[in-house]
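Visitor: Can you walk me through this one? I'd like the overall picture, then some details.
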Amino acid sequence: MLAAANIHKNKSQAGSLLLFVLIAVLFLNVGLVLLFNFDPFFDKRAELHHAPHLTILQKAEYTQEEQLDWLKRYSGVNETEKLAVLADYGEYFMHESKNVAAVIFQNANDSSAMNKATLVGKSLPLEENGIYVPYIMKVAGDYRLGDDYRLNFDGQELHFTIAGFTEEMTFGALMSDLYRFYVPDKAFATFSAQFPDSQSYLQTARMEKSSMGLQAQLDYEKSFYHTEEMKNVSSPFVFALSYNAAKEARSTVSITALLITAFALIILIVSLIVIHFGIVNNIDEGMTNIGALKAIGYRNSQIMLSIVLQFTGIAFVGGLIGIAASQLMLPVLANLMESQSALIWKPGLDTALAFKSLLFIILLVLAVSLWAVKRIFKLHPLIALRGGLHTHSFKRNTFLLEKTQGPLPFILAMKQLMQSKKQAVMVIVIIAAMSFASVAGMSIYYNVGVKPDVFLSMIAGENADAAFVLKDRSRTDDVVQYLQQRPEVRKAFGYQHISLLSENIDVSGFITKDFEQREVNMLFEGRYPKHDNEVAVGYTFAASTGKKIGDAVMVNAGGQEKEFIITGFIQSMSSGGLNMMMTYDGILTIKPDFTFDQICVYLAAGTDTTIFLQSVKAAEGNIFSYAVNTKELIRTQFSQIGDIFAVVAAGMLAVTMLVVLLILYMVIKTMILRKKRELGLQKALGFTTFQLMNQTALHYTPIILIGTILGSSGGYFGLNPILSLFMRGAGIVKTNLPAPTAWTIITCVALTALAYLVSMLIAWRIRKISPYSLISE
Amino acid sequence: MQKAILSTKKLCKTFSTGGNQQHVLKNLDVEIAGGDFTVIMGSSGAGKSTLLYALSGMDKPTLGEIYFGDQEISKLSNDKLAVFRRNHCGFVFQQIYLMDNMSILDNIIASGLLVTKNHKAVVQRAKQLLQRLNLDEMMWRKFPAQVSGGEAQRAAIVRALINSPEILFADEPTGALNSAAGKAVLDTLTELNEQGQSIIMVTHDLKSARRGNLIIYLRDGVVCGECQLGKYVSGDRERHEKLSSFLNEMGW
């Protein structure tokens, strides 16, 4: 009864608290559903499609019967399959951009258990010119059934009519850069004859557990890719892909989920601080009531329970509404992420998770409420009846008007600020937390969606303007020389990704002649390898082998093994940090016939990469397997992720603004109610409404400014240390994402200006306070 | 007789609460001369304080006009009234109403700085007034709750005087004080009036009323009678009897 009366009395405070809890639960539930439910969804979907746990794609010339036998015999394998496909580089079109990817053509009529086309939505009969394209083409490329679909495959332009969209578990995610297209029997036969070099085999296996795919992949690579027979193979169309890797290609979901969950936790902390403030404030305001209740015989526990019930009840209602609201928000986010995951995910209500989130928040609110009401125990009824006067401290009178010069509203505002330090600290902490979240969120969006170069270098390593893959690797030196001589080219050099085996671990090797030519600094300790017996290794490799700089490691390439000295540590998310850098001279010592077939090209400022590529292709097109505009490819790959992060960052910024508004509303309204008599008195003495509003707004502006500066600085300078901490597991030790300085400053200024304006608006209610209330109340 | 500093024409004030209308002041015509110590008396609910706050521009009349000299103040906006109050009025309240988060001196300076930016002059005048009202320097930097009621009320009078107001409004200034402190406050007001300060005071206390030279008696929102007493002289029996007789006549 007392709790209900308290809520009724402080309706707006109850409303604000409810909103805080609602937002916290909303984001927490959304974050947790994304975090915990995507994996089970993926697994369920994979089961539905009978998707493989290990996928091996190899050009026909490198595929042998014994490989499939090996697979069949491998422990834990339940089922295997071998399909003839066509695989090569191809150019596909998404909106206006042309992108290069590994393209696989599969015969739609092939009988298959693991690799059959799994159509989603409506489809058309697969006629002669028909094609089933990955679902990503629909969600990210806006293609529709019946549309003309153009593909440049192995240098030849092909046109199809889209007959359906396939949901893919292994291929078809924007980040994986592997797309499978299903064509009818006749078309497949035609292409097989037309592109003999592209004939490949897709070998797939299902295991007892999907997670066993990763070990099987490593063992397969050890058995077949680091042998004498395969030593000269560096084709990108000889690889094994585990179920885990296919799932990780949809990692945006988990990154987004982590971001949302972290933000929800920040809001939750803010809510708890606000609830503590609300309770302390309620006790202060209702001090005489508490005294009266104590005087008439209410026990401490009864009074405390009424307050605790009041706030826990608000949290419960807010939590319930938050969970309901999250059910509205989830489909929107899932839909947004469809464009990256290429999977149709309709997350529903997870009752258990919702219950756990709600219970977690209720328990926290309960703990904070009990902590905040404990002072009632010590409160003597008489002191409470006097309004708790003994708690007032007269020890400090700062900003003495006798000595302080300056505008009166400002001095009075500062005086007020110094006299409510606890409240100021609370507001500073809240604003700092929210600004931190906003700036960090914006920085992530900036680095993913606006300027992804550095972020990409973390994931993929070197990021040149253009990249070429040669058909004939014996001409590499001539081609590099030719490219270097072109006026648009700043530099060009061979830079090869190659699979190496070191200390029994399959590592991704980066080979070039001079690592100083690279423009992305992947080194975080030591130096790059210079001599033929030196390597730099990835963080995950170093951590898992316990190797330090100066230690020796055995490296095997195609059967030959040699000891190399570690000169430095590098970081890259590529291959989860299992990387190694080796010089060209170094690789020759274990793979004497190694030559580059991949060339990185850096263009002079102002050069149009597309025009440059067209010009090179026109002149020397026949010598390249493919030429790619790296930046354009990155833009396409990251555009969808950028959009997702833009929405998340915008959401975070909007919630930050809302929280700032709510905090100011609560704090200023409380202040006005508490100081109503004082404000009335000031009006009686001749202060105008505007002066008092300004005084109030000025009181909160420095607090907001300090909070914003602290939070933004935290977000600005703390982004990389915090990210490094989170990304260590993925092989990144020191992130160096550039924080957007201008955006950060604008956020600081905007939040402070907003706070001032909002404070003025909220303080406008001061106009209703009349000096006459001094005598009438 | 001096020119009227404040006057009203058919002043009405009506309060509406829960659909009921309460006519507190009814067509009141009052004139207050400059330099007078005017005392407003009447029974509870007669409209004394309402009249005081209407005259001082702290509350707006429902109908009628209020003039400060020749300037009509009853039509001024709230902000203009605030400026009017800071420039021309000083207030002393029964509940003292010093701002409890400011020292005595700061309370006074804050009012002074509303009118002038001459910080040095305000501080100097505040100190002079505090000394003049026998408020020891020891208590200047204390908070209101740390001094006695009488001292706090005298500090409130200093605050009221800091901007040299034409009129000092006092609402039951001794109501919350013991008799000694009350006498000290009344002595201060009397002394100020002797020096030319116009004062309008609401009281229901006979001892306080004796200090005035014009007594206005209200009943049910109308002026029942006025009594001119002449300047206060301590122990003036004839003046005291005249007031008693007037009040008896008014039914007090």
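This is a predicted model: local features need pLDDT of at least 70, side-chain atom pairs count only at pLDDT 80 or more; totals for chains, interfaces and linings use all residues.

Visitor: How much of chain A is buried?
Guide: Of its 777 residues, 50% are buried.

Visitor: And the contacts in chain A, what share comes from residues 24 or more positions apart?
Guide: 83%, counting contacts with a separation of 6 or more.

Visitor: Now the contact of chains A and B. How many residues does each chain put in?
Guide: Chain A gives 24 residues and chain B gives 30.

Visitor: Which helices of chain A supply at least two residues each there?
Guide: H14 (408–419), H22 (676–685), H23 (689–727) and H25 (773–776) of chain A. H22(A) has the largest share, with five residues.

Visitor: What classes of residue are on that side of chain A?
Guide: 14 nonpolar, seven polar and three charged.

Visitor: Switching to chain B. How do H5 and H6 cross?
Guide: H5(B) covers residues 149–161 and H6(B) covers 179–194. Their axes come within 9 Å and cross at roughly 20°. Angles under 35 degrees count as roughly parallel, so H5(B) is roughly parallel to H6(B).

Visitor: Left-handed or right-handed crossing?
Guide: Right-handed, as H5(B) passes H6(B).

Visitor: Which residues make the contact?
Guide: From H5(B), they are B:Gly149, B:Gly150, B:Gln153, B:Arg154 and B:Ile157. H6(B) brings B:Ala181, B:Ala184, B:Val185 and B:Thr188.

Visitor: And how do those divide by class?
Guide: The residues of the H5(B)–H6(B) contact are four nonpolar, four polar and one charged.

Terms used. Residues are numbered from 1 along each chain as its sequence is written. Chains are lettered from A and ligands numbered from 1 in the order in which they are written. A residue is buried if 20 or more other C-beta atoms lie within 10 Å of its own, exposed if 12 or fewer, and partly exposed in between; C-beta atoms are placed from the backbone. Two residues are in contact if their C-beta atoms, placed from the backbone, lie within 7 Å. Axes are lines fitted to C-alpha atoms, for helices over the stretch in contact, and angles run from 0 to 180 degrees between N-to-C directions. Helices (H or I, at least four residues) and strands (E, at least two) are DSSP runs, numbered from the N terminus. Angles under 35 degrees count as roughly parallel, over 145 as roughly antiparallel, 65 to 115 as roughly perpendicular and the rest as oblique. A crossing is left-handed if the near helix is turned anticlockwise from the far one by less than a right angle, and right-handed if clockwise. Ala, Val, Leu, Ile, Met, Phe, Trp, Tyr, Cys and Pro count as nonpolar, Asp, Glu, Lys and Arg as charged, and the others, Gly among them, as polar.
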